[in-house]
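This briefing sets out the computed features of a single protein chain for use in modelling work. Please consult the sequence and the coordinates alongside the points that follow.

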Amino acid sequence: MELQSFSMRIESKDGSALVFFSGTLNEEAYAQYVKLAESLPKSCVFDFGGVSFINSTGVRDWIKFIRLVQTGRTIVFERCTDSLIGNMNLMPYMVGEATIKSVLRNSTCPKCGALDAILLVQGKDFDGNGHMLSDTPACRTCKTIVVWDMPDSEYFLFQRPG
Ligand SMILES: [Zn+2]
């Protein structure tokens with residue numbers, strides 16, 4: 001697998017910042033986080049839909065960044081990919097005081113093998129206690145019900161209290 005380099009794009013919307021992270025969260029990212037921290041408003045949405053991988057330095061630097069910016073701000077995470085969720089489940093400090101509003105959850109079709117990342121929204125598709133609210137979707141290609149790459153019991157550990 002070839003790793004994509006880190007990139008970040010910022011949009012302003014009604015006084016909020018919408019920040020799109022993509023590629024690999026690695027040692028190259030921190031300098032950009034520091035610059036970002038200087039300009040963030042009180043309300044921020046961090047979109048991780050383009051994040052394909054995060055390495056151990058990336059995890060450490062992300063925790064430093066979130067600690068730097070979470071005080072006095074409302075931070076929402078959108079479209080967290082499985083690579084992020086897997087790390088957040090091991091390292092709850094990566095989420096800190098932010099709220100995970102939506103995820104892109106990896107699935108595999110048991111019949112044709114198609115891989116997909118399915119958008120799930122808190123309150124609509126999953127609750128706050130590790131349970132799915134919506135039915136498991138069907139494969140886009142062959143309509144067979146997909147299988148989640150991580151079962152609910154592992155996937156939703158980020159919701160543990162405290
Ligand atoms: Zn299929």
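In this predicted model, Arg 79 lies in the loop that connects β4 and α3. Its phi is positive, about 50 degrees, although Arg 79 is not a glycine. Arg 79 counts as buried because 23 other C-beta atoms lie within 10 Å, where 20 or more are required.

**Positive phi values**

- Most residues other than glycine have a negative phi.
- Asp 14 is a further non-glycine residue with a positive phi, near 50 degrees, and it belongs to the loop between β1 and β2.
- Asp 14 is exposed, since 7 other C-beta atoms lie within 10 Å and the limit for an exposed residue is 12 or fewer.
- Gly 113 has a positive phi of about 80 degrees and sits in the turn of the hairpin formed by β6 and β7.

**The largest nonpolar core**

- In soluble globular proteins, nonpolar side chains tend to be buried together.
- The largest nonpolar core holds 30 residues, of which Leu 25, Phe 48, Cys 80, Leu 84 and Ile 85 touch the most other members.
- Two or more residues of this core come from each of β2 (16-25), α1 (30-39), β3 (43-54), α2 (56-69), β4 (74-78), α3 (82-90) and β6 (102-108).
- The largest contribution to this core is that of β3, with five residues.
- Both domain 1 (1-100) and domain 2 (106-162) supply at least three residues to this core.
- Leaving aside residues up to four places away in sequence, Phe 48 touches Phe 21, Phe 77, Arg 79, Cys 80, Thr 81 and Leu 84.

**The five-stranded sheet**

- Strands of a sheet pair through backbone hydrogen bonds, either parallel or antiparallel.
- Five strands make up an open sheet in the order β1-β2-β3-β4-β5, and their pairing is mixed.
- At the edges of this sheet are β1 (7-13) and β5 (99-100), each of which pairs on one side only.
- β1 and β2 run antiparallel and are joined by seven bridges.
- Within this pairing, Ser 12 of the chain stands opposite Ala 17 in β2.

**Strand β6 and its partners**

- β6 is largely enclosed by the rest of the structure, because five of its seven residues are buried.
- On one pairing, β6 is joined to β7 (residues 115-121) by seven bridges in the antiparallel sense, and Ser 102 has Val 121 in β7 as its bridge partner.
- The hairpin of β6 and β7 has six residues between the two strands.
- β6 also pairs with β8 (residues 147-148), again antiparallel, over two bridges.
- The bridge partner of Thr 108 in β8 is Val 147.

**Overall architecture**

- The protein contains four helices and eight strands, arranged along the sequence as β-β-α-β-α-β-α-β-β-β-β-α.
- Along the principal axes, the C-alpha atoms fill a box of roughly 50 × 35 × 30 Å.
- Of the 162 residues, 25% are buried.
- Among contacts with a separation of 6 or more, 65% are between residues 24 or more positions apart.

Conventions:
Residues are numbered from 1 along each chain as its sequence is written. This is a predicted model: local features need pLDDT of at least 70, side-chain atom pairs count only at pLDDT 80 or more; totals for chains, interfaces and linings use all residues. A nonpolar core is a set of buried Ala, Val, Leu, Ile, Met, Phe, Trp, Tyr and Cys residues joined through C-beta atoms within 7 Å. Domain bounds come from an automatic or database domain assignment. Two residues are in contact if their C-beta atoms, placed from the backbone, lie within 7 Å. Two strands pair if DSSP finds at least two bridges between them.
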